[in-house]
Structures are given as C-alpha cells and as structure tokens.
Amino acid sequence: MSSLNMHADDPLEDFDARHVTLNGVAKKVYVSGAGPAVIVMTEMPGISPHVARFSRWVRDAGFTVYMPSLFGRDGAVASAEEGAAVYRKACVSAEFRAFAGGGSSPVTIWLRALAKLAHADCGGPGVGAIGMCFTGNFALTMMLEPAVLAAVLAQPSLPLDAPADTGIDDDTLLTVRQRLERDELTVMAYRFEGDQYCKAQRFAAFSQALGDRFISRVLPDSAANPDTAPFFQRYVSCPHSVLTAHLIDEAGQPTLAARDEIIAFFTLRLSAGALEREGLPALAGKPMTASEPTMKSRP
C-alpha cells in the first residue's frame, strides 16, 4: 500500500466499477472488499490516488468500501487547472449547495439511498460513512438513514462563504441529534488547526448543534504533509486534507493516528454485536489511538 505512487493516475483496477441507479439518478460507484459497508465520499477535485488509498485502508480493515464518483476524473492526479474547473462546476451544480442559505445538498438523498442499498447487500449491524472537504458534512446528513451507524466528517468545508455555518438546515440537525441521542451514537470530526476552509467556528457550530455527540479532533499544522498534488499546491495553501493529500504515511504521525482511530471507530460500530455492546457511548471525549497534544479533542 505505501509503495503506491500518489503522483500518478490510479487505474482503480482492484475496485468493481458499478453503475448504480437510485431515485432515478445513475452514478458510478467503485466497490471493493468484504464485510460491513462503508461509504467513502471523495474530496475535491475527485477520486484521487490519495482518496483511493484511504478506501483501500478501510477495505483491508475488513469492510466493503463503496466509493461513489461525485465529480472529477476517477483515479486522476488532476492538474491545477483541471481541478479548478471541477471545483467551479461543483459550486454551481444543483446537486451541491456550496454556499450559505441553501441547506443540505440534494445529493445526500441519493447517498442515503446508497447506504440503504449497501446495507442490504453487505449485511451487518449497519453502514459507516465518511465525507471529506466538499463532501464533509454529507456524512452527518446521511445519519437520517437508519442503516448509517458511524459518521465521520473530515475537514467539512461547506458552506464556503460562512465559516461558522454547518451547511445543514436546523430541522435536519435537530433530527440527527435526536437520533444520535436515542441510539446512543456519536459522530467523529477532524481538521487541522490552521485550516482556512474548515475553521474552528465550524466545529463549534457542530458542537453546539449536537452537544457531546459530536467528537472533534484538531491536528497541529506541523503534522501536514507538504508534498501534495498540483491542485493543492496551487489552490490549497494551508493544511487541509487530514486523511489524504496531507497525510504522512509514517508510524507515529498524527495523521496516521487519525486514520487508525477512524478505522477503529468503524470497527466498533459495525462489527457483529456492536448494537448490543455494553458501554458503546464511552467513546465520547476519548481518543482510541491518539491523545493530547497530538490531537486535541476540542474545536
């Protein structure tokens, strides 16, 4: 896994490319693995080799990964110009609501249907979901689907123009909080301390909306990998992508600890007997594989 070239296009040959139609909308979904399902939603500007690497880590931990193609060229290392074009197109797409005031993105309805389908296909207690950057808050909205038991928000960046906004309407947030409390579930969230696209105000807003069901991790900027792809070099001038472009794949690195914590979170929630496991909510406020000061448990 570590020998994969993150600077060359990834053919995604170890994934089964499926055309999935839900609610009358067709999308390509890359599927690989065995075990309970985890939906991995890509960051900008698409399913890069870094995003595919993260999906393989999840797959190799004992899950079936469903990686929907939402924008960009699948498997590509996009140039700065190509990435910018993808970004502009997504910002005006009817599927995404990139700016404040629009509420939850309509594509989340399709993603919830995908989670329901994946649960039916894979079985197990339920489904995990992780969104990154542009799709970060989608994972939380997917908690409206009863099959989703584990949601992770990695540097949620929408809305782009309101750093203290969650990008999710108040009624949905209330419904999600009630579900989290009723089912004794938690949501994990990650960001770099100096991230200018996912600032502390956003995590504070999520914390206010969800209370102690929202568990945040803040990584130091020094933990970010400076060796990034062209799109990031040109347009993302701060530490941002905790699990992909800015992850350092070396033992002892905070970003690798974050990856391990997320996989452990999925394992805890989705393994056989998870629904009956006594003390499951004890995750709140406690790192599983990392502790202060490497990752801070606050916005």
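## Close-up views of a predicted model

**Figure 1. Ile 130 and its contacts.** Leave aside the neighbours within four places in sequence, and Ile 130 is in contact with Ile 39, Val 40, Met 41, Phe 54, Ala 139, Val 152, Leu 243, Ile 262 and Phe 266. The model shown here is predicted.

**Figure 2. The largest nonpolar core.** This core has 92 residues. Which of them touch the most other members? They are Ile 39, Met 41, Phe 54, Ile 130, Phe 134, Leu 140 and Phe 266. Ile 130 is also in contact with some of these residues, including Ile 39, Met 41, Phe 54 and Phe 266. In soluble globular proteins, nonpolar side chains tend to be buried together.

**Figure 3. The chain as a whole.** The protein chain has eight helices and eight strands. It counts 299 residues, and 57% of them are buried. Take the contacts between residues at least 6 apart in sequence: 75% of these join residues at least 24 apart.

**Figure 4. The largest cavity.** Across the whole structure, a search finds two cavities of 30 Å³ or more. The largest has a volume of about 90 Å³. It is lined by 15 residues, and Pro 45, Ser 48, Ala 76, Ala 229 and Phe 232 are the closest to its centre. Which helices each supply at least two residues of this lining? They are α1 (49-60) and α7 (230-235). By type, the lining of the largest cavity divides into eleven nonpolar residues, three polar and one charged.

**Figure 5. The second largest cavity.** About 40 Å³ of space lies here. The lining consists of Pro 45, Gly 46, Ile 47, Ser 48, Gly 72, Arg 73, Ala 76, Ala 78, Glu 82 and Val 86. Five of the lining residues are nonpolar, three are polar and two are charged. Pro 45, Ser 48 and Ala 76 line this cavity, and they are also among the residues closest to the centre of the largest cavity.

**Figure 6. Cysteines without a disulfide.** A disulfide is a covalent bond between the sulfur atoms of two cysteines. How many disulfides does a search of the whole structure find? It finds zero. Look at Cys 238. Its closest cysteine sulfur is in Cys 198, 9.9 Å away, so the two are too far apart for a bond. The cut-off for a disulfide is 2.5 Å.

Figure 7. Cys 238 counts as buried because its relative accessibility is 8%, and buried means under 20%. Cys 122 has a relative accessibility of 25%, so Cys 122 counts as partly exposed.

Key. Residues are numbered from 1 along each chain as its sequence is written. This is a predicted model: local features need pLDDT of at least 70, side-chain atom pairs count only at pLDDT 80 or more; totals for chains, interfaces and linings use all residues. Side-chain values use heavy atoms; hydrogens and water are left out. Buried means under 20% relative accessible area, exposed over 50%, partly exposed in between (1.4 Å probe, protein chains only). On a 1 Å grid over the protein atoms alone, a cavity is a set of points where a 1.4 Å probe fits but cannot get out, and a pocket is an open set with protein on both sides within 12 Å along at least five of seven lines; lining residues have an atom within 4 Å of a point. Grid points are joined across faces, edges and corners, and a volume is the space filled by probe spheres set on the points. Helices (H or I, at least four residues) and strands (E, at least two) are DSSP runs, numbered from the N terminus. Ala, Val, Leu, Ile, Met, Phe, Trp, Tyr, Cys and Pro count as nonpolar, Asp, Glu, Lys and Arg as charged, and the others, Gly among them, as polar. A nonpolar core is a set of buried Ala, Val, Leu, Ile, Met, Phe, Trp, Tyr and Cys residues joined through side-chain atoms within 4.5 Å. Contact means heavy atoms within 4.5 Å.
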